[in-house]
Amino acid sequence: MTSPRGSFVVLEGPDGAGKSTQVARLATRLDALPTREPGDTPLGAELRRLLLDDDQLTRPGLRAEALMMAADRAQHIEEVVEPALAAGRHVVSDRFIGSSVAYQGYGRGLDPMAVLGISQFAAAGLEADLVIVVDVPVEVTLDRVGGQQDRIEAAGPEFHRRVRTGFLAQADADAQRWVVVDGSRSVDEVTQAIVTAVRDRLGLLNDASRARG
Ligand code: TMP
């Protein structure tokens, strides 16, 4: 007998929104596989290094950056996400296609629809069952990120404002699959909002005994 397919939940949001903590918490509650883009495969780890280091010699141009994100995604979906979903495991990913549309599209100024196209090609058509944006104003996130910034974090407040607009625009355009939670609240409150979204939208986590703080 084959097991039912797992659900694919994605957390999106700006740098410094506290997503990684929330991905770990949600994955524990769902007994899901926690994963992330870029960098969750051996090839992806190399791409992540090239994407985030600020090395003059290997610094990618805008289109190369978009294609490297897509290459990481292709490998991640093929090697990690799809096998887990097919085996009946839920997957919680820290970033997916929405990040490329927000960062390379809205942020860098590439055509968001073109970025969406290469992302969908990379993901072999896989779509998230639910996308949760952990939304925090840019002033707060830049403060949280602090002085040690990678190449993309260091792109400046205007860039990060456009990225945030990109996430909110995607959420507006697809209210069935996207939910925005206010990430400026306490970590526990944000977790609760995420758990509520997963329960309401996907019908998972209905057992109250599993919804611990
Ligand atoms: P992380 O710090 O959340 O792991 O993500 C690394 C950086 O990569 C972050 O600044 C967001 C950026 N990014 C993109 O620009 N496009 C993408 O498609 C993804 C997945 C991440």
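Predicted model: local features only at pLDDT ≥ 70, side-chain atom pairs only at ≥ 80, totals over all residues.
The lining of the largest pocket, by class, comes to nine nonpolar, six polar and 12 charged residues, where Asp, Glu, Lys and Arg count as charged, Ala, Val, Leu, Ile, Met, Phe, Trp, Tyr, Cys and Pro as nonpolar, and the others, Gly among them, as polar. Residues are numbered from 1 along each chain as its sequence is written, and side-chain values use heavy atoms, with hydrogens and water left out.

A pocket here is an open set of points on a 1 Å grid over the protein atoms alone, where a 1.4 Å probe fits and protein lies on both sides within 12 Å along at least five of seven lines, and lining residues have an atom within 4 Å of a point. The largest one has a volume of about 500 Å³, the volume being the space filled by probe spheres set on the points. Of its 27 lining residues, Asp-15, Lys-19, Glu-37, Arg-48 and Arg-95 are the closest to the centre.

The ligand sits in this largest pocket, meaning that more than half of its atoms lie within 2 Å of the pocket's grid points. Around the ligand there are 14 residues, each with a heavy atom within 4 Å.
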